[in-house]
Amino acid sequence: MESLTEFIQSSREPRELKRALAVQMVRQNYPYSQIKEVLKVSVGFISTYQTKFKKEGIEGLKLKHKGSQGYLTTKQKQEIIGWLQQKNYWQLSELQTRIEVKYDVVFASLQSYYSLFHEAGISWKKTQKSNPRKNPQLVEQKKQKFNFGWKRIATKSHQVN
């Protein structure tokens, strides 16, 4: 029971924590109905991890899947991030070409490239050529358009009543 308590206190993974708590509550004689309600799990979940804990101990509560190996090594990734941070302008196509030519890697998803931009501290958002708030004439036009729209709506609502 002591190793289970230590595991609960040290686990950072919510799914492992939920499994361990379910087992701990069973061992403290809580009814399955109460465990189910508190942890928002099924009776099958409780039974499964109670059985796994009996057979395998703490190892039975741990996640088995560790994820896949990345296409770039940590060193390669740091080189790309360093290269991105040195540049003044960035283009997705340039990043794709650089990674393909230098490391012979083509990501299946654009999200992998976006993640590299993010890790380099680069915001990946489209920009406006100029801020309309800095042009008083555009601001006034927008206000007029907005006011006209509200007047028209207000007029229609009074006609309905």
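This is a short tour of a predicted model, with stops at Gly 60, Gln 50 and Ile 99.

**Stop 1: Gly 60**

Select Gly 60, which sits in the loop joining α4 (43-56) and α5 (74-86). Is Gly 60 buried or exposed? Its relative accessibility is 2%, so Gly 60 counts as buried, the cut-off for buried being under 20%.

**Stop 2: Gln 50**

Next, draw a C-alpha to C-alpha distance from Gly 60 to Gln 50; it reads 9.1 Å, for a separation of 10 residues in sequence. Gln 50 lies in helix α4. Colour by accessibility and Gln 50 comes out at 9% relative accessible area, so Gln 50 is buried. Which residues does Gln 50 contact, once neighbours within four places in sequence are set aside? They are Val 23, Val 26, Arg 27 and Tyr 32.

**Stop 3: Ile 99**

Move on to Ile 99 in helix α6, which spans residues 92-103. Ile 99 has 0% relative accessibility and therefore counts as buried. Display its contacts, again without residues up to four places away in sequence: Ile 99 touches Leu 72, Ile 80, Asp 104, Val 105, Phe 107, Tyr 113 and Leu 116.

Note on methods:
Residues are numbered from 1 along each chain as its sequence is written. This is a predicted model: local features need pLDDT of at least 70, side-chain atom pairs count only at pLDDT 80 or more; totals for chains, interfaces and linings use all residues. Side-chain values use heavy atoms; hydrogens and water are left out. Helices (H or I, at least four residues) and strands (E, at least two) are DSSP runs, numbered from the N terminus. Buried means under 20% relative accessible area, exposed over 50%, partly exposed in between (1.4 Å probe, protein chains only). Contact means heavy atoms within 4.5 Å.
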